[in-house]
Amino acid sequence: MLGLGLASSHAPGMWRAPEEWPRIVERMSPEVRGHMPHSAKVEIDTLEIRQEHYRRIHAAFAVLRSQLEAYRPDALIMIGDDQGDMFDAANNPTFSVYTGEDPIWGRDVRDWRVAPEKRRRIEFKNHVELSRHLLKGLVKRGFDMANIAKFDPRGAPERGVSHAVVNLAPEVDPSREIPIVCVFLNEYYPPLPSAERCAQLGEAIADVLADRPERVAIYASGGLSHFPGEYNMGWIDKSLDHWILERLERNDLDALKHLFTFDSDNLRSGTGEVRAWISVAGAMRRPARIVEYVAAHCTLTGCGFAYWPAVPSMAVPAAELAATARA
């Protein structure tokens, strides 16, 4: 049964020391850097602001980690985008799930001082049975899912799985003992799935898992507003981000379904990763609790954190928790 939902941003800069954040901005072209808002320039020049942003970001991760520890899932579904790591121009599916027996691996973002291909390799166990059950159930419910039966990162063979997975799974499960299931959404490369279709995907995932004996958590990876590689990189649409978080808090999925029905510069690029949050909202079907929001310009991202608490029937009984603690 799907019981716990989590969501957060996954910008690589979130794991760099705040003293190093200005270097992220220095890599941008002079034209883009000069176009950044005044609030970004103040952040770049003020170490105390960057340190406070960093503290709040990692305090929020601690909240999500504690929720996962308390729920004690048998599997963790990671749902998010790919950004050209697993897939390339030869094949870029709208929706896909990894079902193979080989471990999933990627490069540790915490080794940011070295080139990506030289960073420590992190491996994750795939929950093979659950991933194959999910694939079959989603196809049965009308989703033409691509089946990734072999781990073969065609887009970036040296980097492995997308940072949508490798940045966040170790953050909430440092032991990496919880098997994961990777569900990839195309969130960058047009034509893109609608918000409504992503909500339907989440609803279908919950339906497929409803009768499973495993305790399953799901984690939406990415967002909120950010625009890597665009002219407005470094800008953050705080109004849009707060609107999204408020809709999640109100369980207003109908409003979120309309999010990408119109074109806007602020809804393109990285902001499209909100599709994963919409999928999880569709799966949870109840209000989210907003943990934190940090408009951290140096990470180039509106950093959001939320979770959907497990309902009492899904929670681990207190007596069982106490027995485990005594053991």
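Ile44 touches Pro22, Val25, Met36, Arg50 and Cys298, leaving out residues up to four places away in sequence; contact means heavy atoms within 4.5 Å. The model is a predicted one, in which local features need pLDDT of at least 70 and side-chain atom pairs count only at pLDDT 80 or more, while totals for chains, interfaces and linings use all residues. Residues are numbered from 1 along each chain as its sequence is written, and side-chain values use heavy atoms, with hydrogens and water left out.

**Confidence and overall form**

- The mean pLDDT of the chain is 94, and 95% of its residues reach 70 or more; pLDDT is the predictor's confidence in each residue, from 0 to 100.
- Over residues 321-327 pLDDT stays under 50, and for this stretch the model has three contacts beyond four places in sequence.
- The chain has 12 helices and 10 strands; these are DSSP runs numbered from the N terminus, with helices (H or I) of at least four residues and strands (E) of at least two.
- A compact globule of 327 residues would have a radius of gyration near 20 Å, and the 19 Å of the chain agrees with this. The radius is taken over C-alpha atoms, and the globule rule is 2.2 Å times the number of residues to the power 0.38.
- The C-alpha trace spans about 55 × 50 × 40 Å along its principal axes.
- Of the 327 residues in the chain, 56% are buried. Buried means under 20% relative accessible area, exposed over 50%, and partly exposed in between (1.4 Å probe, protein chains only).
- Among contacts between residues at least 6 apart in sequence, 83% join residues at least 24 apart.

**Ile44 and Met86**

- Ile44 lies in helix H3 (residues 38-45).
- Met86 is found in the loop between strand S2 (75-80) and strand S3 (95-98), and is buried at a relative accessible area of 3%.
- Not counting residues up to four places away in sequence, Met86 touches Ile148, Phe151, Asp152, Pro153, Arg154, Gly155, Val161 and Phe184.
- Met86 and Asn251 are 165 residues apart along the chain, and their C-alpha atoms are separated by 32 Å.

**Salt bridges**

- Side chains of opposite charge can pair when their charged atoms come close. A salt bridge is a side-chain nitrogen of Lys or Arg within 4 Å of a carboxyl oxygen of Asp or Glu.
- A search of the whole structure finds 22 salt bridges.
- One of them joins the side chains of Arg16 and Glu20 (3.9 Å, N to O). Arg16 counts as buried at 12% relative accessibility, as does Glu20 at 17%.
- Glu171 and Arg110 form another, with their closest N and O atoms 3.0 Å apart. Glu171 lies in helix H7 (residues 169-172) and Arg110 in the loop between strand S4 (104-107) and strand S5 (121-124), so the pair ties together parts that are 61 residues apart in sequence.
- Glu171 is buried, at a relative accessible area of 11%, whereas Arg110 is partly exposed, at 25%.
- Lys125 pairs with Glu177 in a salt bridge whose closest N and O atoms are 3.6 Å apart. Lys125 lies in the loop between S5 and helix H5 (128-140) and Glu177 in the loop between H7 and strand S7 (180-185), so this pair ties together parts that are 52 residues apart in sequence.
- Lys125 is partly exposed, with a relative accessible area of 41%, while Glu177 counts as exposed at 52%.

- Asn126 lies in the loop between S5 and H5 and is buried, with a relative accessible area of 10%.
- A polar atom of the Asn126 side chain lies 2.8 Å from the backbone oxygen of Gly100.
- Asp237 lies in the loop between strand S8 (216-221) and helix H9 (238-249).
- Asp237 is buried yet has no salt bridge, and the nearest side chain of opposite charge, Lys238, is 9.3 Å away. Lys and Arg count as positive and Asp and Glu as negative; His and the chain ends are not counted.
- Leaving out residues up to four places away in sequence, Asp237 touches Ser225 and Asn266.

Notes: A polar contact is a pair of N or O atoms within 3.5 Å; within protein, one must be able to donate a hydrogen and the other to accept it, and residues adjacent in sequence count only if both atoms are side-chain atoms.
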